[in-house]
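Welcome, and thanks for taking a look at this one with me.

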Amino acid sequence: MPPHVAFFWGTVFFLLGVLLKSFFSGTVVILAAAGIFLFLLVRYFFPRASNNTTFQHSAECWNVVFLTVLIVLGGFYYHFYDSLSCPKAIPYGIETTIQGKVVQAESRLSVQMITMKATEPFAGKVRATISPNPVVRYGDDVALSGKLERPEAGSYERYLKKDNIFAIMSFPDAKVVNTGKWTFRGSLYSVSDRVQGVFSRIFPAREAALMSGLTLGDTSQFTKEFKEAMQRTGTTHIVALSGYNVMVIVSAALALFSYFLRRRAARWCAFFLIMFFVLLTGAAASVVRAAIMAFLVMYLTAEGRMRASGNIVAATALAMVLWNPRVLAFDVGFQLSFLAFLGIVYIAPRIQEKLKRRDLPIIPAHAGKAGEPCAGSVKQAFAYTVSAQLMTLPFLVLYFDRVFVSSVIPNVLVVALVPLTMALGFLTAGVALLAPQISFLIAYLSFPFLRLETLIIEFFSRIAFFPISVNMGIIGAILYYALLLKLFFLPNNKNTHSI
Amino acid sequence: MEEKKHFLEVLNDAYGGRKLMFFAVGGALLLFSIFSVSAIAKDDSFTQYFLSVGQGDSEAVRLHGGAVALIDGGPPNGRALRELEKILPFYKRSVDVVLLTHPEEDHFGGLIEVLKRFNVGIVVTSGDVNETESFYELKRVMEERKIKEIALSAGDKIRSGDITLSVLWPPEGEHSGKRNENALVLLAEAGGKKTLFLSDVPENIEEKFAGEVGGADIVKVGHHGSRTSSGESLLFATQPAVAVIEVGENRYGHPAPETLQRLEYAGAQIFRTDRDGTLGVRFESGQLKVFRVK
């Protein structure tokens, strides 16, 4: 097995071991049995060697051993991490006062959501919903008096568990014992808060919330109605700071710097700009992942080394899972983001290839040659949207119950507008931080697009039709992805890359 | 050596040559937004708004030249901000005067977000204070945003063109131990038309200034329609054509059936923000018009 193929499949099987152990309290037998089963699956799909000969029998056996060992290793790694991060001495169901440091604070319209790392004698994190006052910030030492509850078993419990949160409190009495000292991360959050403050003073609340979501991934100011509208139109991903959003920033930054600088210098400038963006959003794990993936894939595309993108995606996933193995099974954002990104990297080019030879009805026949850039942006948006939705469909059905077929239309419309809106949003924030007196001029340029995006989302959410509500089950999902693998991921065209 | 592309070519490659369409659409939308729904910007009539903020009070009064006065901000649920932005044009990010009738959270809670997001000229209070965390936060935001505060009392007036906001209560230097009894009571007048904002004052306080009002076309009913407010003597003195009750879901039984009865007996047409949403009241060609704001 060539090294790059070994790395890719080795990572996949390690992650598979982590995934299996996430759900099954675990036996090596289950993992080994899964490994053997997967060997059969892999044997069927495994690409032939470049010399057009099959692997020797002994080599195949070693591959099986190698991959099965990695499954077991993945399972053990998860078990090891789990045993180290269990909560300690949390008094569920009893009125108590618990103290700790705030590691996350989100201020919403009528409440605050905080995550607190409890101090001795307790261990673990607590998620609390508290009233808007006193205002609690990142790094503050707080005391919460109330009842600690265990999260209800199900998706919410798993969602909290991935962040090592094992207890929740609803409107406890909150007291700030000490305000936090200066930390680097705290200062990043302050800058992020300032940028959000700029948007909230320039734009009406709804547009300010959307701009904060697009540029900083912050959805705390969204109303419940607007969140539901985004779910019905399948546009939640535009504010998720996924690989797609960061790719938009990367490609725009590269285009801008390429005009002034040589290619290599432009890439370095784009790199530092992306790092600044990551820091601005508080260096959340999802943003770091998205930034690394997006930048490296863009870099490889420019260098014509797109074939390595599979290993890049695998390496990034491996790094994230090694940091916190629970994200693989329990972080919906991680799952959807990776799947959508895989769709964009592997499926979108195939769709764009098909569209290249066709003019879309909305683009006039005389608007340049078919496939020229004048049609490219709409076709690209369509390809990205469809490919991301194809990859995420089983998970969307699993987590959100329904997926609306009509969501393709608002998605294409909104996705086409997002890059310019984001660019103007960053420009507004930058100018406002440096010269607030003139920032409103830049803001007025982005307002029509923000207003248009909110109108599209609200309009199409009211007329959402053809909901798909299908319970695929695990087997159905596996068969679905096997079909996608066959159709899009295996090589059948020299112009498209594959694993 | 690689030939550098012109910046417009780089943009063209990025956005597919449709930038002209984008700018045209954007420009058109901008113009549309500027001249679109904006009751206050276009409107020269004497108009007030009663914002649907849940169990709390918040009203907006249009002043001369498009200026705005906001009376109270409702509870801290984000609704005062949302409703205020419905009645203002998108480019108006200032509230000229904020009047906080008294420091109860269902009156000032929502003001914190308003003060953070809008440029506020001045905050008028009765001088009363509270010692809750949320009130301290309100004060902190005012200090951070460098917003001046002034305490007014009975006899003081705010004039803006032909519109006058008069303070009817409390008298200077006279503060009781009960916060509701110290609340600012305001009378907005223009061209002989009057709107009375009763805040949360109880009946025993109403009797002290009822005689000064001399008739009111619109009354913002006291204390969310509580049975201890909007007494017979005040309603007899004011004879309002329209009574607006600002109320939401609550466990106090607001509005009280006795209050509704008194209002009906006084001949007032009753509107409620929990059922009718945010309401606008305007005088046009000598007629009083009440409309819903959506």
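Predicted model: local features only at pLDDT ≥ 70, side-chain atom pairs only at ≥ 80, totals over all residues.

The points below start with the two chains and then move to a few local spots.

1. Let's start with chain A. It holds 17 helices and 8 strands. Of its 499 residues, 48% count as buried. If you take the contacts in chain A with a separation of 6 or more, residues 24 or more positions apart account for 72% of them.

2. Now for chain B. Here you will find 11 helices and 15 strands. Chain B has 294 residues, and buried ones make up 56% of them.

3. On the H5(A) side, the contact is made by A:Arg194, A:Val195, A:Val198, A:Phe199 and A:Ile202. H15(A) contributes A:Gly425, A:Thr428, A:Ala429, A:Ala432 and A:Leu433. Sorted by class, this contact has 7 nonpolar, 2 polar and 1 charged residues.

4. A second pair in chain A is worth a visit: H7 (residues 224-232) and H16 (residues 439-462). The two axes come within 8 Å and cross at roughly 75°, so H7(A) is roughly perpendicular to H16(A). From H7(A), the residues A:Phe226, A:Ala229, A:Met230 and A:Arg232 meet A:Thr454, A:Ile457, A:Glu458 and A:Ser461 of H16(A). This contact divides into 4 nonpolar, 2 polar and 2 charged residues.

5. Next, have a look at helix H6 of chain A, which covers residues 205-216. How far does H6(A) reach from its first C-alpha to its last? Its 12 residues reach 16 Å, close to the 16 Å expected at 1.5 Å a residue. H6(A) is largely enclosed by the rest of the structure, because 11 of its 12 residues are buried. Among them are A:Glu207, A:Met211, A:Ser212 and A:Thr215. Just after H6(A), you will see that A:Gly217 takes a positive phi of about 70°.

6. A:Thr115 sits in strand S2 (residues 112-118) of chain A. Is A:Thr115 buried or exposed? Its relative accessibility is 3%, so A:Thr115 counts as buried. Leaving out residues up to four places away in sequence, A:Thr115 touches A:Lys101, A:Val102, A:Val103, A:Gln104, A:Lys125, A:Val126, A:Arg127 and A:Ile165.

7. Finally, a loop residue in chain B. B:Gly109 lies between helix H5 (105-108) and helix H6 (111-117) of chain B. B:Gly109 counts as buried because its relative accessibility is 7%. Setting aside residues up to four places away in sequence, B:Gly109 touches B:Gly74, B:Pro75 and B:Pro76. B:Gly109 and B:Ser134 are 25 residues apart in sequence, while their C-alpha atoms are 7.1 Å apart in space.

Methods: Residues numbered from 1 in each chain as written. Chains lettered and ligands numbered in written order. Heavy atoms only, no water. Contact = heavy atoms within 4.5 Å. Helix = DSSP H or I, 4+ residues; strand = E, 2+ residues; numbered from the N terminus. Nonpolar A, V, L, I, M, F, W, Y, C, P; charged D, E, K, R; others polar. Buried < 20%, exposed > 50% of the residue type's maximum accessible area, 1.4 Å probe, protein only. Expected span 1.5 Å × (residues − 1). Axes fitted to C-alpha atoms, helices over the stretch in contact; angles between N-to-C directions. Parallel < 35°, antiparallel > 145°, perpendicular 65-115°, else oblique.
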